Amino acid sequence: MALGTVTASDELRFDTGRVCLDLLATTHPVERLGSVEVLRAWITGSGLVPADTPLTHADPSWPAAFRELRGRIGPLVRGRPAPGTRSYDLALARVNELARAAPPAPRAVPGDDGALVRRLDGPPELAALLAAVARDAVELLTDPAARASLRQCEGDNCPIVYVDTSRGRRRRWCSSEVCGNRERVARHRRRAALTRT
Ligand SMILES: [Zn+2]
């Protein structure tokens, strides 16, 4: 790859603290899950599978399935539409349905230096990967402490929802390098403009 080349997978973000929220973040600022290649990078980057897991069997139906799951998790996490409405109930039923499948089975196997490393029992099936994300959503939604720590980034038009595990619960941004930095730059500009007038 040429120096300076930026691929879509370079911009994938994994800073929400939960794999189901990392999946939600793939809509921002533009659709990330538009190709199998980027989805493979997302599956590995999110920690759903160990780093060297072969994903060559992923086909174009995979990104569509992940986008569909993402569309169901969104309303549940954000509580919009409100619980009890038809589309909320449908989303809940779908996530529960996907969570029924078994997630990929992990194995501990000796690595080159003898230390145990995590591998999967075989190439993970789509249903197993969707189940792992759906189960994470079920756990998050039913965990009162985690739910109480859900925050939406304060950045302009940033929809990213994360779990605030910071000391004192003072985290304001999805990422201090992205939205936090943008805010610092804006504040600096405002101050500079004030000085000039
Ligand atoms: Zn943000």
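Biologist: Let's start with Ala 131: is this residue buried or exposed?

Modeller: The general idea is a cut-off on relative accessible area: buried means under 20%, exposed over 50%, and partly exposed in between, with a 1.4 Å probe and protein chains only. Ala 131 has a relative accessible area of 0%, so it is buried. Bear in mind that this is a predicted model, in which local features need pLDDT of at least 70 and side-chain atom pairs count only at pLDDT 80 or more, while totals for chains, interfaces and linings use all residues. Residues are numbered from 1 along each chain as its sequence is written, and side-chain values use heavy atoms, leaving out hydrogens and water.

Biologist: Where does Ala 131 lie, and which residues is it in contact with beyond its neighbours within four places in sequence?

Modeller: Helices (H or I, at least four residues) and strands (E, at least two) are DSSP runs, numbered from the N terminus. Ala 131 lies in helix α5, residues 126-141. Contact means heavy atoms within 4.5 Å. Leaving those sequence neighbours aside, Ala 131 is in contact with Leu 98, Ala 99, Ala 101, Ala 102 and Pro 103.

Biologist: How do I read a pair of helices, such as α3 and α4?

Modeller: Two packed helices are described by the angle between their axes and the distance between the axes. Axes are lines fitted to C-alpha atoms, for helices over the stretch in contact, and angles run from 0 to 180 degrees between N-to-C directions. Here α3 (residues 61-78) and α4 (residues 86-99) have axes that come within 9 Å and cross at roughly 125 degrees. The contact includes Leu 69 and Ile 73 of α3, and Leu 92 and Val 95 of α4.

Biologist: Why are α3 and α4 called oblique?

Modeller: Angles under 35 degrees count as roughly parallel, over 145 as roughly antiparallel, 65 to 115 as roughly perpendicular and the rest as oblique. The pair crosses at roughly 125 degrees, and α3 and α4 are therefore oblique to each other.

Biologist: Which protein donors does the zinc ion have?

Modeller: Donors are N, O and S atoms within 2.8 Å of the metal (3.2 Å for Na, K and Ca); water is not among the atoms, so sites may look incomplete. For the zinc ion they are the SG atoms of Cys 153, Cys 158, Cys 174 and Cys 179, lying 2.3 Å from it. Along the chain, these donors follow the spacing C-x4-C-x15-C-x4-C. Cys 153 is buried at 5% relative accessible area, and Cys 158 is buried at 3%.
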